Amino acid sequence: MDRNPGVVVRDVELTSRGWHVLRRTTFDYRRRDGRWETQARETYDRGNGAVVLPYDTARGCVLLTRQFRYPAYVNDHPDGMLVEAAAGLLDADDPVAAVRREAAEELGVTLGPLTHVLDAYMSPGSVTERLHFFAAPYTPADRTGAGGGLEEEGEDIEVLELPFAEALAMTRDGRIADGKTVLLLQWAALDGPFAPAAGVR
Ligand SMILES: Nc1nc2c(ncn2[C@@H]2O[C@H](COP(=O)(O)OP(=O)(O)O[C@H]3O[C@H](CO)[C@@H](O)[C@H](O)[C@@H]3O)[C@@H](O)[C@H]2O)c(=O)[nH]1
Ligand SMILES: [Mg+2]
């Protein structure tokens with residue numbers, strides 16, 4: 001890794017290999033004033049992920065999930081039941097294949113053309129993951145399955161079809177408190193299918 005001449009990795013220590021991988025890396029870092037110093041940083045590596053917002057502009061709706069998220073529950077979320085856009089880790093798939101797979105598994109919807117919105121690091125101080133964001137139109141006819149996720153992996157996912165205006169209101173009052181979902185809903189209102197100028201672009 002030599003893309004940045006101001007960073008020289010000295011040592012990578014595997015501190016935990018559980019469901020995902022935690023490492024402690026020691027590296028030399030050249031400060032902006034030119035002085036070198038040694039830093040250590042831990043990274044949580046769970047691979048990369050992809051997320052999708054299916055929208056139906058004719059009916060003014062979006063499809064979201066609700067599921068229990070223990071890490072949010074342990075950090076003050078009232079009941080841990082988070083409303084989120086369908087998402088998953090890439091595993092062996094590319095981002096497009098991964099969002100199609102997750103939309104089918106979690107939402108029971110078969111997606112057509114996808115719009116790539118952006119890619120973002122969601123927690124760059126500690127988590128290595130880069131998340132690939134997509135949106136896709138759907139109609140009631142595309143809802144070909146029940147969704148719900150994979151029971152054998154412990155998934156128990158409720159499918160929510162919400163009016164877009166209500167989903168956006170939920171980002172304002174805290175009922176939606178998941179970063180990737182807030183981002184996609186705000187994009188949809190600002191720049192995407194529910195933007196005021198969407199029809200004339
Ligand atoms: N047994 C076990 N299962 C785990 C553990 N951690 C996660 N899982 C399970 O592994 C499955 C992973 O499901 P995916 O749909 O592939 O991932 P995700 O958890 O929905 O991840 C999405 O949301 C994350 C949070 O916003 C994103 O970080 C990620 O990129 C992706 O978008 C889930 O059923 C989850 O409960 C663990 O420590 N132990
Ligand atoms: Mg998921």
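Helices (H or I, at least four residues) and strands (E, at least two) are DSSP runs, numbered from the N terminus. The model is predicted.

**Stop 1: the ligand**

Select ligand 1 and the residues around it. With that numbering, two strands can be picked out: β4 (49–56) and β7 (86–89) each give at least two residues to the shell around ligand 1. Which strand gives the most to this shell? It is β7, with three residues. The shell has 13 residues, and Trp19, Gly49, Ala87, Gly88 and Leu89 are the closest. Colour the shell by class: five residues are nonpolar, three are polar and five are charged.

**Stop 2: the whole chain**

Zoom out and show the protein chain as a cartoon. There are four helices and ten strands. Along the principal axes, the C-alpha atoms fill a box of roughly 60 × 45 × 35 Å.

Now colour residues 7–45 and 49–195 separately; these are domain 1 and domain 2. How far apart are the C-alpha centres of domain 1 and domain 2? They lie 32 Å apart.

Of the 201 residues in the protein chain, 24% are buried. Take the contacts with a separation of 6 or more: 57% of them join residues 24 or more positions apart.

**Stop 3: the nonpolar core**

Select Val51, Val52 and Leu184. In the largest nonpolar core, which has 32 residues, these three touch the most other members. At least two residues of this core come from each of β4, β5, β7, α2 (95–107), β9, α3 and α4.

Stay on valine 51 and set aside its neighbours within four places in sequence. Its contacts are then Ala85, Ala86, Ala87, Val99, Leu131, Phe133, Lys180 and Leu184.

**Stop 4: helix α4**

Leu184, one of those contacts of valine 51, is also among the buried residues of α4. Select residues 179–190 to see this helix of twelve residues. From first C-alpha to last, α4 reaches 16 Å, close to the 16 Å expected at 1.5 Å a residue. Which residues of α4 are buried? They are Thr181, Leu183, Leu184, Leu185 and Ala188. Show what they pack against: β4, β5 (61–68), β6 (81–84), β8 (115–121), β9 (130–137) and α3 (164–173).

**Stop 5**

Select glycine 47, in the loop between β3 (36–45) and β4. Glycine 47 counts as partly exposed because 13 other C-beta atoms lie within 10 Å. Beyond its neighbours within four places in sequence, glycine 47 is in contact with Leu89, Leu90 and Glu129. Glycine 47 and leucine 90 are 43 residues apart in sequence, and their C-alpha atoms are 7.3 Å apart in space.

Next, select aspartate 91, in the loop between β7 and α2. Aspartate 91 is not a glycine, yet has a positive phi of about 50 degrees. Is aspartate 91 buried or exposed? It counts as exposed, because it has 11 C-beta neighbours inside 10 Å and the cut-off for exposed is 12 or fewer.

Finish at aspartate 76, in the loop between α1 (70–73) and β6. Aspartate 76 also has a positive phi, of about 85 degrees, although it is not a glycine. Aspartate 76 has 7 C-beta neighbours inside 10 Å, so it counts as exposed.

Technical notes: Residues numbered from 1 in each chain as written. Chains lettered and ligands numbered in written order. Predicted model: local features only at pLDDT ≥ 70, side-chain atom pairs only at ≥ 80, totals over all residues. Near = placed C-beta within 6 Å. Nonpolar A, V, L, I, M, F, W, Y, C, P; charged D, E, K, R; others polar. Expected span 1.5 Å × (residues − 1). Buried ≥ 20, exposed ≤ 12 C-beta atoms within 10 Å, placed from the backbone. Contact = placed C-beta atoms within 7 Å. Domains from an automatic or database assignment. Core = buried A, V, L, I, M, F, W, Y, C linked by C-beta atoms within 7 Å.
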